[in-house]
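Subject: Structure handover

Hello,

Here is the structure I promised to pass on. Please open it first, then read my notes below.

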Amino acid sequence: MAIAPNTQDDERFMAAAIRLSQRHVGVTGSNPSVGALIVRFDGAGEPRVVGRGVTAGGGRPHAEVVALSEAGDAARGATVYVTLEPCSHHGLTPPCASALLRAGVRRVVVALGDPDGRVDGRGFAMLRAGGVDVVEKVGAAHARDPLAGFMTRMLTGRPLLTVKVAVSADGGIARAGHRPAQITSSIANAQTHLVRARSDVILVGVGTVASDDPMLTCRLPGLEGRSPIRVVYDPALRTRIDAKLVSTAGQVPTILAIREGVPNERRDAFREAGCEFITLAEGEGPEALLRHLGERRVSSVLFEAGERLGRSVLDAGLADRIVVVRAPMVLGPGRVVSPVRDDHLSAMRLTREERFGCDVWREYERI
């Protein structure tokens with residue numbers, strides 16, 4: 001005999017579904033990383049999880065389909081916990097709401113509605129019309145984090161932008177003359193690589209490429225394949241053809257954001273190396289670049305900010321999140337000053353503070 005789950009059960013299993021959804025953030029392409037659990041409440045014993053799913057790499061199959069495949073016939077009469085409203089439209093795959101109805105589930109508990117215009121309540125309506133009991137907004141506050149990029153793109157047309165800076169004790173990001181310095185410890189650096197693995201795009205300005213010649217890849221053991229697309233904001237195409245980003249463009253996608261008017265012959269060498277271009281019209285800047293990335297269905301951008309482009313982005317109010325990693329080292333006179341100021345942080349709320357080795361990691365989110 002089936003027993004009815006209570007509010008505590010719903011919150012517990014939704015929390016597990018949210019943890020599942022975290023696994024594939026950054027690898028699901030234009031689709032959100034959704035978590036799903038299928039649970040049976042039979043008899044007087046403990047509820048039994050019969051199916052687990054997270055949106056697959058590349059975005060398909062969806063989490064509900066993965067969980068239903070694992071559950072098989074045990075899904076009939078069960079309760080489904082899913083972090084985002086099941087889709088109701090025919091895309092490259094049939095609607096997940098239809099798959100749940102065919103499986104005969106009794107109840108669907110959802111954290112967040114899907115703002116995609118093709119869904120936006122239709123998934124809930126389809127399930128209810130099929131006789132399924134639907135419960136909304138369970139664990140919604142916690143489910144937002146892994147879905148934040150997708151939600152931002154759906155609601156604003158541009159990706160979620162996280163600005164990250166490593167800052168010395170005396171407020172610098174580089175030595176005098178823009179000479180690079182290893183500011184943060186290896187422990188904090190590993191956290192940076194983890195954030196890279198969870199981002200669709202990593203963005204830098206051409207000044208960072210000129211001074212640091214970075215790779216901008218994820219170099220955590222086992223996560224090397226999760227390096228994000230690399231984008232360089234370089235209006236005049238000043239990037240050197242022998243830069244590491246260019247020479248490895250065949251292995252890790254690299255896009256150069258340039259102005260109209262850069263000669264084709266100048267672009268050709270970069271195209272031959274495997275680079276792509278986003279062309280900005282005269283007068284267009286970082287905000288237009290974000291719109292272009294949104295049109296490419298990019299959901300999240302990690303901007304490792306230098307001085308000039310960082311200040312421009314922050315002053316324009318484009319940052320959705322800011323990460324400041326403060327280290328005890330001192331860079332001394334003439335240092336390049338961090339673009340993050342107190343007035344930028346005043347529009348944010350502190351959401352996370354941790355110590356990694358000798359460094360303090362703080363995350364802020366737009367209020």
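**The sheet and its helices**

Strand 6 (160–167) and strand 12 (300–304) pair in the parallel sense over five bridges. Two strands count as paired if DSSP finds at least two bridges between them. Helices (H or I, at least four residues) and strands (E, at least two) are DSSP runs, numbered from the N terminus.

This is a predicted model: local features need pLDDT of at least 70, side-chain atom pairs count only at pLDDT 80 or more, and totals for chains, interfaces and linings use all residues. Residues are numbered from 1 along each chain as its sequence is written, and side-chain values use heavy atoms, with hydrogens and water left out.

Back to the strands. Lysine 164 stands opposite glutamate 304 in strand 12. The open sheet has nine strands in the order 11-10-9-8-12-6-13-16-15, with mixed pairing. Strand 11 (276–280) and strand 15 are its edges, each pairing on one side only. On average, neighbouring strands of this sheet are turned by 20° against each other, direction ignored. Axes here are lines fitted to C-alpha atoms, for helices over the stretch in contact, and angles run from 0 to 180 degrees between N-to-C directions.

Helix 6 lies across strand 6, strand 8, strand 12, strand 13, strand 15 and strand 16. Helix 6 runs at about 30° to strand 16. Helix 10 (residues 286–295) also packs on the sheet, and its direction makes about 130° with that of strand 11. Helix 10 touches strand 9 (229–233) and strand 10 (254–259), among others.

Helix 6 (residues 186–197) has 12 residues. From first C-alpha to last it reaches 16 Å, close to the 16 Å expected at 1.5 Å a residue. The expected span is 1.5 Å times one less than the number of residues. Its buried residues are Ala188, Gln191, Thr192, His193, Arg196 and Ala197. Buried means under 20% relative accessible area, exposed over 50%, and partly exposed in between (1.4 Å probe, protein chains only).

**Glutamate 64 and the cores**

The UniProt annotation "active site", from an unreviewed entry, covers Glu64. UniProt positions follow the numbering used here, feature names are shortened, and annotations may be inferred rather than shown by experiment. Glutamate 64 lies in helix 2 (residues 63–71). Glutamate 64 counts as buried because its relative accessibility is 5%. Leaving out residues up to four places away in sequence, glutamate 64 touches Ala36, Val82, Leu84, Pro86, Cys96 and Leu100. Contact means heavy atoms within 4.5 Å.

The largest nonpolar core has 43 residues. Ile38, Val105 and Val108 touch the most other members. Helix 1 gives the largest share of this core, six residues. A nonpolar core is a set of buried Ala, Val, Leu, Ile, Met, Phe, Trp, Tyr and Cys residues joined through side-chain atoms within 4.5 Å. Another core lies apart from this one, with 34 residues, including Tyr233 and Leu280.

Most residues other than glycine have a negative phi, and most peptide bonds are trans. The bond from arginine 60 to proline 61 is cis, with omega near 0°. Proline 61 lies in the loop between strand 2 (48–54) and helix 2. Aspartate 120 is not a glycine, yet has a positive phi of about 45°. With a relative accessible area of 52%, aspartate 120 is exposed. Aspartate 213 also has a positive phi of about 45°. At 25% relative accessibility, aspartate 213 counts as partly exposed.

Best wishes
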